[in-house]
Amino acid sequence: MSKKDKGYGKTMEKLQLELTGLHRWLKRSGHRVVVVFEGRDAAGKGGTIKAITESMDTRGYHIAALGKPTETEAAQWYFQRYVAHLPAAGEIVLFDRSWYNRAVVEPAMGFCTEQQREDFLHAVPHFEKLLADDGIILVKYWLAVDQKKQEERFAERAEDPLKRWKLSPVDLASREKYAQMGRLRDEMIERTNRPYAPWFVVDYNDQKRGRINLIRHLLEHIPRKETEIPEVKLPRLKGKPRREHVTDKAQWVPDSFADE
């Protein structure tokens with residue numbers, strides 16, 4: 001393991017402890033947090049979300065990665081299917097792409113009309129103000145990556161059978177939309193950046209550095225009061241440790257690994 005990788009691992013371990021403290025504070029205080037991850041395809045949204053949630057209690061967070069709207073959802077109020085994923089008290093929700101699809105991806109790919117995009121840009125500050133007024137802490141990130149680096153990651157995914165599923169038809173088509181999506185992104189940020197729902201841009205040409213910078217920023221941005229993880233004292237075990245005896249009505253899975 002390289003010195004850089006060791007440094008990343010140690011830093012991430014410390015951040016994981018702080019994230020666990022943040023999660024405890026949310027559960028204790030009842031605060032609600034929404035984090036929006038937007039950015040170029042292959043920027044690193046999924047990996048960052050995994051890093052944030054790696055040590056969290058699975059009962060206290062939710063990852064919202066919505067697919068293509070169903071016919072019913074397409075006929076609803078645009079924000080309706082996203083509202084269903086907003087957090088309850090003590091929860092954090094991480095959107096792997098969000099309602100901002102309507103501002104960048106959909107118009108670039110011809111999935112919405114110009115009027116629909118304009119209506120969205122007019123409505124979204126009001127929508128997010130409702131969230132903020134109700135006490136939801138909303139943080140929005142754009143993960144920035146240069147086209148050369150993006151192409152390298154696309155090529156890596158295409159060559160790796162375990163990563164090919166990440167390349168959707170939209171991802172492939174977006175390769176020719178780099179400049180257009182940049183213009184749409186800038187207009188989106190300029191028209192939807194508000195004190196109660198600010199945009200933050202993170203350099204993701206180096207994904208590990210980007211993850212660390214984003215997580216540090218997130219921890220500093222949320223005004224939590226609890227960071228330490230309390231120690232746990234295990235009660236003394238009575239008697240000798242017992243072996244696991246399971247009823248023979250069930251069948252054991254063969255230990256195939258031992259034969260390899």
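Tutor: In this predicted model, Glu-73 forms a salt bridge with Arg-81, and the closest N and O atoms of the two are 3.5 Å apart. Side chains of opposite charge can pair when their charged atoms come close.

Glu-114 and Arg-117 are both in helix H6, which covers residues 114-133, and they stand three residues apart, or about one turn of the helix. Their side chains meet in a salt bridge with an N to O distance of 2.8 Å. Here Glu-114 is partly exposed, with a relative accessible area of 47%, while Arg-117 is buried, at 6% relative accessibility.

The side chains of Arg-175 and Glu-151 also meet in a salt bridge, 2.7 Å from N to O. Arg-175 belongs to the loop between helix H8 (169-174) and helix H9 (178-192), and Glu-151 to helix H7 (residues 147-159), so this pair ties together parts that are 24 residues apart in sequence. Arg-175 is partly exposed, at 32% relative accessibility, and Glu-151 is partly exposed as well, with a relative accessible area of 27%.

Some salt bridges share partners, and in this way Glu-114, Arg-117, Glu-118, Glu-187 and Arg-191 are joined into one network. The structure as a whole holds 17 salt bridges, in a protein chain with 46 positive and 40 negative charges, whose mean positions are 5 Å apart.

Definitions and conventions
Residues numbered from 1 in each chain as written. Predicted model: local features only at pLDDT ≥ 70, side-chain atom pairs only at ≥ 80, totals over all residues. Heavy atoms only, no water. Lys, Arg positive; Asp, Glu negative; His and termini not counted. Charge placed at Lys NZ, Arg CZ, Asp CG, Glu CD. Salt bridge = Lys/Arg side-chain N within 4 Å of Asp/Glu carboxyl O. Helix = DSSP H or I, 4+ residues; strand = E, 2+ residues; numbered from the N terminus. Buried < 20%, exposed > 50% of the residue type's maximum accessible area, 1.4 Å probe, protein only.
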